Amino acid sequence: MGAGGSGVFVVVEGPEGAGKSTLVRSLAARLQAEGRPVVTVREPGGTPVAEAARKVVLKFPHDMTPAAELFLFLTARTDLVQRVIRPALEAGDVVIADRYNLSTMAYQVAGGGLPFDEVEQAIRLATGGLVPDVTLVLDIPVAVGRERQRAARKVQDRFERQDDAFHRRVLEAYRHAQGPGVVHVDATQSKKAVLDAAWKEVLAATALPIRGSS
Ligand code: Z5A
């Protein structure tokens, strides 16, 4: 199952404040309760190299070109895939990632204006072609996501300080995302309803042998 071995690769995507981290945690807890070994990761991050790249790309106080951002995100991704994600999939674990390739397409291509085909090739090089079994795209209006971040008192990074037009392009890219394993979930629902919807999609897309899934 999946491009990486016998495990299952689940990615949670969507704009800021959509509830990705919340869903990653609750999905992992439900899978663990079913006795499945789960590894959770967030992008960018998860290895010393990836955490160093995260610090630069999110916190650097000066302007950075979209291409410079791209290579920092891909530095983080290639290290995470090689050191954490692939080994976990090869061991048969379920890997749940908070952001992956679709974030690059949404933020650096749709948001930042980089060319789709070349970024796609760069991503393939960085990941060795590892694609998720299922990508859950959380859909939420920009204003609602931002309000959730404000309520959670999240400190803004460079992307969150971008203008509304940038964030609308990012949201549209997410809304138009399609392909094998890509499913859209209404993230304006309650946390429990989002988890239930995501759970159904994960079972349907991966045929995980889990109680109550037949
Ligand atoms: N980025 C990029 O440009 N290119 C790339 O290739 C990659 C990333 C990989 C990473 O930011 C930034 O990097 C991101 C894109 C860029 N920048 N932006 N902007 P991050 O990791 O710091 O943050 P984030 O990904 O934007 O996550 P977030 O703001 O923390 O949002 P979230 O994870 O989707 O939401 P949450 O933390 O789960 O929930 C936010 C609050 O809402 C919290 O109080 C929850 O309790 C609440 N919540 C969650 N779900 C619900 C529901 N259903 N109802 C009500 N309230 C809820």
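**Exercise 1.** Which side chain does a polar contact of 3.0 Å join to that of Asn101?

*Solution.* Start with the basis. This is a predicted model, in which local features need pLDDT of at least 70, side-chain atom pairs count only at pLDDT 80 or more, and totals for chains, interfaces and linings use all residues. Residues are numbered from 1 along each chain as its sequence is written, and side-chain values use heavy atoms, with hydrogens and water left out.

Step 1. The partner is Arg77, at 3.0 Å. A polar contact is a pair of N or O atoms within 3.5 Å; within protein, one must be able to donate a hydrogen and the other to accept it, and residues adjacent in sequence count only if both atoms are side-chain atoms.

Step 2. Helices (H or I, at least four residues) and strands (E, at least two) are DSSP runs, numbered from the N terminus.

Step 3. Asn101 has a relative accessible area of 14% and is buried (buried is under 20%, exposed over 50%, partly exposed in between; 1.4 Å probe, protein chains only).

Step 4. Leaving out residues up to four places away in sequence, Asn101 touches Glu13, Arg77, Ile123, Thr127 and Leu130 (contact: heavy atoms within 4.5 Å).

**Exercise 2.** Find where Asp196 forms a salt bridge with Arg30, and describe the link.

*Solution.* Step 1. The closest N and O atoms of Asp196 and Arg30 are 2.9 Å apart. A salt bridge puts a side-chain nitrogen of Lys or Arg within 4 Å of a carboxyl oxygen of Asp or Glu.

Step 1. Asp196 sits in helix α8 and Arg30 in helix α1, 166 residues apart, so distant parts of the chain are linked.

Step 2. Asp196 is partly exposed at 25%. Arg30 is partly exposed, also with 25%.

Step 3. Widen the view: a network of salt bridges links Arg30, Lys192 and Asp196. The structure holds 10 salt bridges.

**Exercise 3.** Compare two further bridges, Glu120 with Arg124 and Asp139 with Arg175.

*Solution.* Step 1. Glu120 and Arg124 meet at 4.0 Å, N to O. Both lie in helix α5, four residues apart, which means about one helical turn separates them.

Step 1. Glu120 is partly exposed at 33%, and Arg124 is partly exposed at 48%.

Step 2. For Asp139 and Arg175, the closest N and O atoms are 2.7 Å apart. Asp139 belongs to strand β4 (residues 134–139) and Arg175 to helix α7, so this bridge ties together parts 36 residues apart in sequence.

Step 3. Asp139 is partly exposed at 21%; Arg175 is partly exposed at 36%.
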